[in-house]
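Q: I have a model open and would like to learn how to read its features one at a time. Can we work through it together?

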Amino acid sequence: MIAAHGRHYLVQARIGGESLKLQCVTRGKKSDVAVGDRVQLKTTSPNQGVIEAIDERNSLLYRSDQYKSKLLAANVTQLFIVVATEPGFADDLISRALVAAEAAGVKAHIVLNKTDIVEALDKTRQRLQMYASLGYPVREVSARAFPEETCATLWPLLKGQSTILIGQSGMGKSSLINLIVPDADIAVREISAALDTGKHTTTFTRLYEMDAHDTALDGNPANIIDSPGFQEFGLYQLSEGMLERAFVEFTPYLGKCKFYNCHHLIEPSCAVLEAVKENKIAPMRHQLYVQLLHESSQKLY
């Protein structure tokens, strides 16, 4: 499935040896299909169909608030979190995206765009150092100022992968997509027309299939999934156990607390809290864990 708008979906299908894009709906009121899903469908006309079933997923990324969840993409193998030297980005969103990636078993990269804005570069690098120290690669690019260098940095990472790009508005995500996906604008217009979304082309997630014959891919197929810019990344769906395992810096200390059911909040002889005091765990990251734990206890759906 390559795009979704409300309960209307666009599926790339192969029928009789021909590759077709079909406008699809689901049976009843189901809306649990995600971009990147492999689906079973029944054609109802030459360009329309009904999704009958969803194949088993290798991964699923989604965000949720107190009332509902929002599927981001299925079967992705890696997540690119796009930030920029300017405008400013939110550390909270980066950390939440990293937690979501860990919980889904998806490799995460941070892509720092607009490195040509040198006056803000050092400060931005310092902010990202914390994530780099946790093992998350930070890739520096400038889609507009240094397009060839940007492609040289990103193309090797895309080979054989299904990659979703997320980030706040203004980070230059669209510039990156247009650079590394030939004819992306044409594809967006086709998808928008097929889903009847008019000019609102930035409000839906869409998948681009990259040509495996492209020399940069060395014969390895790849998908790029672009998502709308957003400012919040709720993770109400994650349980306490999932959360503590999704903070990679907690790993050396889990199971070493005095109490086997320690929540790592205020308990005495908590190995995680002791690591925070010793600056082995960044206080900002532990504060996020506390916030996410609180949120997960508030979900109503």
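Q: Which residue follows α1, and what is its phi?
A: In this predicted model, α1 is followed by Gly105, with a positive phi near 75°.

Q: How many residues of α1 are buried?
A: The helix is mostly covered, with 11 of its 14 residues buried. Among them are Asp91, Leu93, Ile94, Ser95 and Arg96, and also Ala104.

Q: How do I read the sides of a helix, and which residues of α3 are buried?
A: An α-helix has 3.6 residues a turn, so residues three or four places apart point the same way. In α3 the buried residues are Thr150, Cys151, Leu154, Trp155, Leu157 and Leu158. They cover an arc of only 155° around the axis, which puts them on the same side of α3. The face turned away from that buried side carries Glu148 and Ala152, which are exposed.

Q: What comes just after α3?
A: Gly160 does, and its phi is positive, about 70°.

Q: How do I read a pair of aromatic rings, and how many pairs are there in the whole structure?
A: A pair of aromatic rings is described by the distance of the centres and the angle of the planes. A search of the whole structure finds three aromatic pairs. In one of them, Phe247 and Phe250 have ring centres 5.1 Å apart and planes at 20°, so the pair is stacked. Both of these residues are buried. Phe247 also pairs with Tyr289: the centres are 5.8 Å apart and the planes are at 90°, so this pair is edge-to-face. That pair links distant parts of the chain, since Phe247 is in the loop between α6 and α7 while Tyr289 is in helix α8 (residues 283-296), 42 residues apart. Tyr289 is buried, as is Phe247. Phe247, Phe250 and Tyr289 form one aromatic cluster.

Q: Which charged residue lies over the face of Phe89?
A: Arg127 does, at 3.9 Å from the ring centre.

Q: Which residues does UniProt list under "binding site"?
A: The unreviewed UniProt entry lists Cys257, Cys262, His264 and Cys270.

Q: Where is Cys257, and what does Cys257 contact?
A: Cys257 lies in the loop between α6 (240-246) and α7 (271-277). With 14% relative accessibility, Cys257 counts as buried. Leaving aside neighbours within four places in sequence, its contacts are Cys262, His264, Ser269, Cys270, Ala271 and Val272.

Q: Is Cys270 buried or exposed, and what does Cys270 touch?
A: Cys270 has 1% relative accessibility and therefore counts as buried. Its place is in the loop between α6 and α7. Not counting residues up to four places away in sequence, Cys270 touches Cys257, Cys262 and His264.

Q: Where is Ser45 found, and how far is its C-alpha atom from that of Leu60?
A: Ser45 is found in strand β4 (residues 39-45), and at 24% relative accessibility counts as partly exposed. The C-alpha atoms of Ser45 and Leu60 are separated by 30 Å, with the two residues 15 apart along the chain.

Terms used: Residues numbered from 1 in each chain as written. Predicted model: local features only at pLDDT ≥ 70, side-chain atom pairs only at ≥ 80, totals over all residues. Heavy atoms only, no water. Buried < 20%, exposed > 50% of the residue type's maximum accessible area, 1.4 Å probe, protein only. Helix = DSSP H or I, 4+ residues; strand = E, 2+ residues; numbered from the N terminus. Arc of directions from axis to C-beta. UniProt positions renumbered as here; feature names shortened; annotations may be inferred. Contact = heavy atoms within 4.5 Å. Phe/Tyr/Trp six-rings, centres within 6.5 Å; stacked < 30°, edge-to-face > 60°. Lys NZ or Arg CZ within 6 Å of the ring centre and 35° of its normal.
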